[in-house]
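Load the model in a viewer and keep the sequence panel open. The stops below can be selected in the order given.

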Amino acid sequence: FPGVGEGILERLENGEVVVGDGSFLLTLEKRGYLKAGLWTPEAVVEYPNAVRQLHMEFLRAGSNVMQTFTFSASEDNKESKYFEHAEEAMWAVEVLKALGKPVAATMCIGPDGDMHGVSPGECAVKLVKAGAAIVGVNCRFGPSTSLKMMKLMKAGLQAAGLEAHLMVQSLGFHTPDCGKGGFVDLPEYPSGLEPRAATRWDIQKYAREAYKLGVRYIGGCCGFEPYHIRAIAEELAPERGFWPPASDKHGSGSSLNMHTKPWIRARARRECWENLLPASGRPFCPSLSQPDV
């Protein structure tokens, strides 16, 4: 990959796109390597090759950054680097800043703000004032809500006269119907979320909209599979200057030109997939749910 050896701040300050990684907990649970519920990371010890394989898949899909699989790995079983309270996130930033390393801080919040009612814009301001160079959101909410959050954070920083790099790591699911707690309050969480999965075309749109908004660190969280990361990398390939290795066998629909059936060959256009309104195949299921909380 171009830029090997550069630090994350150097890349971002040069205007480069940094592609993050995606889902570990839900993906490894689907693959049979850990239990749903407490989401403990015992897979790191019991099945290290499975964790390594997922890291390699994200790398091949185009990720520049892959995070350690440490969720719920602290002594008191708290959800590591998963912040619903601005104050806790500020404490973490201050501790990390003292180590002399660049600090990226993301909040696990929606448009209503943190659990104490601190608005998204004010959360961003607090994190930057505490020393974070990169701020944003991760998990709990889908692509559209996550992008709305980035707009609110960016506006808050601008109003305060502050600058920071922006980072977004959305769910790989559509969750417009969830409440303040995010997708964990939906009745489908955690074992019935598959019908809500974003398509690769949804994620290409998410990546482009994030880029237009000024977000330069773009990745995913729960439900974000390697093919979703590939979608980000392909959408932003002109800006990055290269395509990821996982695109060698992927023609964004163009390979359908070789199909024997003419109606399938007619789908060998990006516009066909971008404008598709995909059906779920579930005629008796609602499009939205009522959160439990």
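**Stop 1: a pocket and its lining**

The lining of the second largest pocket is made up of eight nonpolar, six polar and five charged residues. This is a predicted model, and the values given on this tour are computed from it. The pocket itself has a volume of about 640 Å³. To centre the view on this pocket, select Pro195, Arg196, Ser280, Pro286 and Ser287, which are the closest to its centre among the 19 residues that line it.

**Stop 2: a cis peptide bond**

Next, select Tyr189 and Pro190 and display the backbone. The peptide bond that joins these two residues is cis, with omega about 0°.

**Stop 3: two residues with positive phi**

Move to the loop between β3 (134–138) and α7 (143–159), where Cys139 is found. Arg140 has its place in the loop between β3 and α7 as well. Check the backbone torsions here: phi of Cys139 is near 60°, which is positive although the residue is not glycine. For Arg140, also a residue other than glycine, phi is positive too, near 65°.

Are these side chains' residues, Cys139 and then Arg140, buried or exposed? Cys139 has a relative accessibility of 4%, so it counts as buried, the cut-off being under 20%. Arg140 is likewise buried, because its relative accessible area is 8%.

Definitions and conventions: Residues numbered from 1 in each chain as written. Predicted model: local features only at pLDDT ≥ 70, side-chain atom pairs only at ≥ 80, totals over all residues. Heavy atoms only, no water. 1 Å grid on protein atoms, 1.4 Å probe; cavity = no way out; pocket = protein on both sides within 12 Å on 5 of 7 lines; lining within 4 Å. Points joined across faces, edges and corners; volume = space filled by probe spheres on them. Nonpolar A, V, L, I, M, F, W, Y, C, P; charged D, E, K, R; others polar. Helix = DSSP H or I, 4+ residues; strand = E, 2+ residues; numbered from the N terminus. Buried < 20%, exposed > 50% of the residue type's maximum accessible area, 1.4 Å probe, protein only.
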